[in-house]
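Dear colleague,

I am handing over the structure below, together with some notes on what was found in it. Please look through it before reading on.

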Amino acid sequence: MIHGIDVDSQGRCAHWHSERDVVANMCGACGKLWACSLCHDECENHSFAPVDRRERSVMCGACGYMMTHAEYGASCPSCGHPFNPGCKNHEAVYFLPVR
(Lines give C-alpha, C1' and ligand atoms only; values in the text may rest on other atoms or scores of the structure.)
Protein backbone atom coordinates (compact mmCIF):
# COMPACT_ATOMS: atom_id res chain seq x y z
CA MET A 1 0.00 0.00 0.00
CA ILE A 2 1.29 3.43 -0.95
CA HIS A 3 0.51 6.10 1.62
CA GLY A 4 0.00 9.77 0.82
CA ILE A 5 -2.49 12.49 -0.01
CA ASP A 6 -4.91 11.84 -2.89
CA VAL A 7 -2.86 8.80 -4.01
CA ASP A 8 -4.04 7.02 -7.14
CA SER A 9 -3.64 3.30 -7.87
CA GLN A 10 -0.05 3.77 -9.13
CA GLY A 11 1.21 6.10 -6.40
CA ARG A 12 0.76 9.56 -7.88
CA CYS A 13 -0.16 12.06 -5.17
CA ALA A 14 -1.32 15.63 -4.59
CA HIS A 15 2.29 16.85 -4.93
CA TRP A 16 3.60 14.71 -7.83
CA HIS A 17 1.10 13.48 -10.41
CA SER A 18 2.64 13.21 -13.87
CA GLU A 19 2.45 9.97 -15.87
CA ARG A 20 5.99 9.15 -14.65
CA ASP A 21 5.40 9.79 -10.92
CA VAL A 22 4.87 6.14 -10.02
CA VAL A 23 7.66 5.55 -7.48
CA ALA A 24 7.02 5.04 -3.76
CA ASN A 25 9.82 5.30 -1.21
CA MET A 26 10.06 3.68 2.21
CA CYS A 27 10.54 5.85 5.26
CA GLY A 28 13.37 4.56 7.43
CA ALA A 29 11.53 5.61 10.59
CA CYS A 30 8.08 4.07 10.10
CA GLY A 31 8.78 1.51 7.36
CA LYS A 32 5.78 2.58 5.26
CA LEU A 33 5.87 3.24 1.52
CA TRP A 34 5.04 6.85 0.65
CA ALA A 35 4.17 8.60 -2.60
CA CYS A 36 6.55 11.37 -1.54
CA SER A 37 8.28 12.82 1.51
CA LEU A 38 5.94 15.84 1.46
CA CYS A 39 2.91 13.56 1.89
CA HIS A 40 4.73 11.72 4.67
CA ASP A 41 5.60 14.86 6.59
CA GLU A 42 2.05 16.18 6.31
CA CYS A 43 0.55 12.89 7.58
CA GLU A 44 3.01 11.60 10.21
CA ASN A 45 4.31 13.02 13.49
CA HIS A 46 7.96 12.44 12.52
CA SER A 47 10.11 13.58 9.60
CA PHE A 48 10.82 11.31 6.64
CA ALA A 49 13.96 9.30 7.36
CA PRO A 50 16.25 8.09 4.57
CA VAL A 51 17.19 4.41 4.20
CA ASP A 52 20.32 2.47 3.32
CA ARG A 53 20.81 2.35 -0.44
CA ARG A 54 21.21 -1.45 -0.32
CA GLU A 55 17.69 -2.03 1.04
CA ARG A 56 14.76 -2.83 -1.24
CA SER A 57 13.03 0.41 -0.34
CA VAL A 58 11.74 1.75 -3.68
CA MET A 59 8.55 0.40 -5.23
CA CYS A 60 7.28 0.79 -8.77
CA GLY A 61 3.66 1.86 -8.49
CA ALA A 62 2.87 0.37 -11.90
CA CYS A 63 3.82 -3.23 -11.09
CA GLY A 64 4.77 -3.37 -7.38
CA TYR A 65 8.41 -4.35 -7.95
CA MET A 66 10.62 -3.54 -4.95
CA MET A 67 14.12 -2.36 -5.80
CA THR A 68 17.33 -1.04 -4.30
CA HIS A 69 18.86 2.33 -5.11
CA ALA A 70 21.22 0.61 -7.58
CA GLU A 71 18.27 -0.84 -9.51
CA TYR A 72 16.30 2.42 -9.48
CA GLY A 73 16.96 4.20 -12.75
CA ALA A 74 15.10 5.80 -15.63
CA SER A 75 12.50 3.02 -15.70
CA CYS A 76 11.33 0.00 -13.73
CA PRO A 77 13.64 -2.98 -14.25
CA SER A 78 10.61 -5.29 -14.03
CA CYS A 79 7.87 -3.71 -16.17
CA GLY A 80 9.72 -0.92 -17.99
CA HIS A 81 7.41 1.90 -16.84
CA PRO A 82 9.36 5.18 -17.11
CA PHE A 83 10.12 7.12 -13.92
CA ASN A 84 10.29 10.88 -13.45
CA PRO A 85 13.95 11.88 -14.02
CA GLY A 86 13.48 14.81 -11.62
CA CYS A 87 13.22 12.39 -8.69
CA LYS A 88 17.04 12.19 -8.66
CA ASN A 89 16.99 15.79 -7.35
CA HIS A 90 15.49 14.45 -4.09
CA GLU A 91 17.83 11.49 -3.64
CA ALA A 92 19.30 12.83 -0.38
CA VAL A 93 15.81 12.86 1.18
CA TYR A 94 15.21 9.17 0.48
CA PHE A 95 18.66 7.55 0.74
CA LEU A 96 21.51 7.73 3.23
CA PRO A 97 24.80 9.04 1.84
CA VAL A 98 27.31 6.57 0.43
CA ARG A 99 29.89 5.59 3.02
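Does Phe 48 count as buried or exposed? Please keep in mind, here and throughout, that this is a predicted model. Phe 48 counts as buried, because its relative accessibility is 10% and the cut-off for buried is under 20%.

A search of the whole structure finds two aromatic pairs, and Phe 48 belongs to one of them, its partner being Tyr 94. The two rings are arranged edge-to-face, with 5.1 Å from centre to centre and 80° between the planes. This pair links distant parts of the chain, since Phe 48 sits in the loop between helix 1 (37-43) and strand 4, whereas Tyr 94 belongs to helix 2 (residues 91-94), and the two are 46 residues apart. Tyr 94 also counts as buried, at 10% relative accessibility.

The other pair is made by Tyr 72 and Phe 83, whose ring centres are 5.5 Å apart and whose planes stand at 50°, so that the pair is tilted. Tyr 72 and Phe 83 both lie in the loop between strand 5 (66-67) and helix 2, so this pair ties together parts that are eleven residues apart in sequence. Tyr 72 counts as buried at 9% relative accessibility, and Phe 83 counts as buried at 2%.

As general background, nonpolar side chains in soluble globular proteins tend to be buried together. Leaving aside residues up to four places away in sequence, Met 67 touches Tyr 72, Phe 83 and Pro 77, as well as Glu 55, Arg 56, Ser 57, Val 58, Met 59 and Cys 60.

Finally, there is the sheet, which is open and has five strands in the order 1-3-2-4-5, with mixed pairing. Strand 1 (2-3) and strand 5 stand at its edges, and because each has a single partner strand, one side of each is left without a neighbour in the sheet. Strand 1 runs parallel to strand 3, and two bridges join them; Ile 2, for its part, has Leu 33 in strand 3 as its bridge partner.

Key:
Residues are numbered from 1 along each chain as its sequence is written. This is a predicted model: local features need pLDDT of at least 70, side-chain atom pairs count only at pLDDT 80 or more; totals for chains, interfaces and linings use all residues. Side-chain values use heavy atoms; hydrogens and water are left out. Contact means heavy atoms within 4.5 Å. Rings of Phe, Tyr and Trp (its six-membered ring) pair if their centres lie within 6.5 Å; planes under 30 degrees apart count as stacked, over 60 as edge-to-face and the rest as tilted. Helices (H or I, at least four residues) and strands (E, at least two) are DSSP runs, numbered from the N terminus. Buried means under 20% relative accessible area, exposed over 50%, partly exposed in between (1.4 Å probe, protein chains only). Two strands pair if DSSP finds at least two bridges between them.
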